[in-house]
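Colleague: I am new to this structure. Please take a close look at the pockets, and then go on to the side-chain contacts.

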Amino acid sequence: MEATITYLEMTSPDELVPGREVAGLALERVERTCRDLPAVQTRIGAPYGWRAARLSAEEWERKLARDPYDYYLIRYEGEIAGMLAVHPQDDGDVEIETFGLVPEFVGKGLGGHALTLCVRQAWATAPRDGGPARRVWLHTSSADNPAALPNYRARGFRPYRTEARAV
C-alpha cells in the first residue's frame, strides 16, 4: 500500500491559530524512562500502522535510550489522552516527531487545543544549537487519522513537500 506523506511547517510562533480551548487539557513533561510512553504511542499508532506501534519492549528500551526527544503526555482531566515527542535539531528547527491522541479521546473535540498546546511547547523548545527556534515542522501520512492534516492546516501549518511512500 502507498501513502502520501505531507511535510508541514510554521516559521513563526505568530502563525499559530489556536484551537478552541478545552478546560482540563494539559501537557505534562515526562522523562524517557516514563513507563507510559511505549504503551501510549502504541495505542495512538496501532490504528494507523505506525512502525512504533509494533516495537518490542527491548526495541522500545533502545529507542528511548538513543532518541534526542523531549516527551510530554497529553492529559485530559488527569487521564492520559495522548502524547507529544519534540525533536530539537541542530539547524534551528524543532520537529514535532509524534503528536496524537489515544483512540478513546479521538473525535471528542480535543485535537485542536491539544495541538495548540503542543505547538506552543515546540516553539518554546530550544534547538540543539542553543538559539531560538526558527521553524517548527512535522509530517503526516494519508494513512493517519483523516482529521490530522486538516487540524495541522487549521493551526497554521503550511505544506512544503509531499512524497509517496510504501507503508
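**Pockets and side-chain contacts**

Modeller: Helix α2 supplies five residues to the lining of the second largest pocket, the largest share of any element. This is a predicted model. The space in the second largest pocket comes to about 170 Å³. Its lining consists of R32, T33, C34, R35, P38, A57, W60, E61, L64 and A65. By class, six of these residues are nonpolar, one is polar and three are charged.

The largest pocket holds about 1,100 Å³ of space. Its lining has 43 residues, and W50, F99, H139, S141 and D144 lie nearest the centre. Two or more lining residues come from each of the helices α1 (36–45), α2 (57–66), α3 (111–124) and α4 (148–154), and from each of the strands β5 (93–101), β6 (135–141) and β7 (158–166). Strand β5 gives the most, with seven residues. By class, the lining divides into 20 nonpolar, 13 polar and ten charged residues.

Next come the rings. The model has six aromatic pairs. Y152 and F157 are both buried. Y7, W137 and Y160 make up one aromatic cluster.

Salt bridges number eleven. One joins the side chains of E15 and R158, at 2.8 Å from N to O. This pair links distant parts of the chain, 143 residues apart: E15 is in the loop between β1 (2–10) and β2 (25–30), and R158 is in strand β7. E15 is partly exposed, at 25% relative accessible area, and R158 is also partly exposed, at 33%.

Another salt bridge joins R29 and D70, at 3.1 Å from N to O. Here the two residues are 41 apart in the chain, with R29 in strand β2 and D70 in strand β3 (residues 70–76). D70 counts as buried because its relative accessibility is 15%, and the cut-off for buried is under 20%.

E163 and R165 also form a salt bridge, with their closest N and O atoms 2.8 Å apart. E163 is partly exposed, at 27%, and so is R165, at 34%. Through shared partners, salt bridges join E9, E15, D93, R134, R135 and R158 into one network.

Key
Residues are numbered from 1 along each chain as its sequence is written. This is a predicted model: local features need pLDDT of at least 70, side-chain atom pairs count only at pLDDT 80 or more; totals for chains, interfaces and linings use all residues. Side-chain values use heavy atoms; hydrogens and water are left out. On a 1 Å grid over the protein atoms alone, a cavity is a set of points where a 1.4 Å probe fits but cannot get out, and a pocket is an open set with protein on both sides within 12 Å along at least five of seven lines; lining residues have an atom within 4 Å of a point. Grid points are joined across faces, edges and corners, and a volume is the space filled by probe spheres set on the points. Helices (H or I, at least four residues) and strands (E, at least two) are DSSP runs, numbered from the N terminus. Ala, Val, Leu, Ile, Met, Phe, Trp, Tyr, Cys and Pro count as nonpolar, Asp, Glu, Lys and Arg as charged, and the others, Gly among them, as polar. Rings of Phe, Tyr and Trp (its six-membered ring) pair if their centres lie within 6.5 Å; planes under 30 degrees apart count as stacked, over 60 as edge-to-face and the rest as tilted. Buried means under 20% relative accessible area, exposed over 50%, partly exposed in between (1.4 Å probe, protein chains only). A salt bridge is a side-chain nitrogen of Lys or Arg within 4 Å of a carboxyl oxygen of Asp or Glu.
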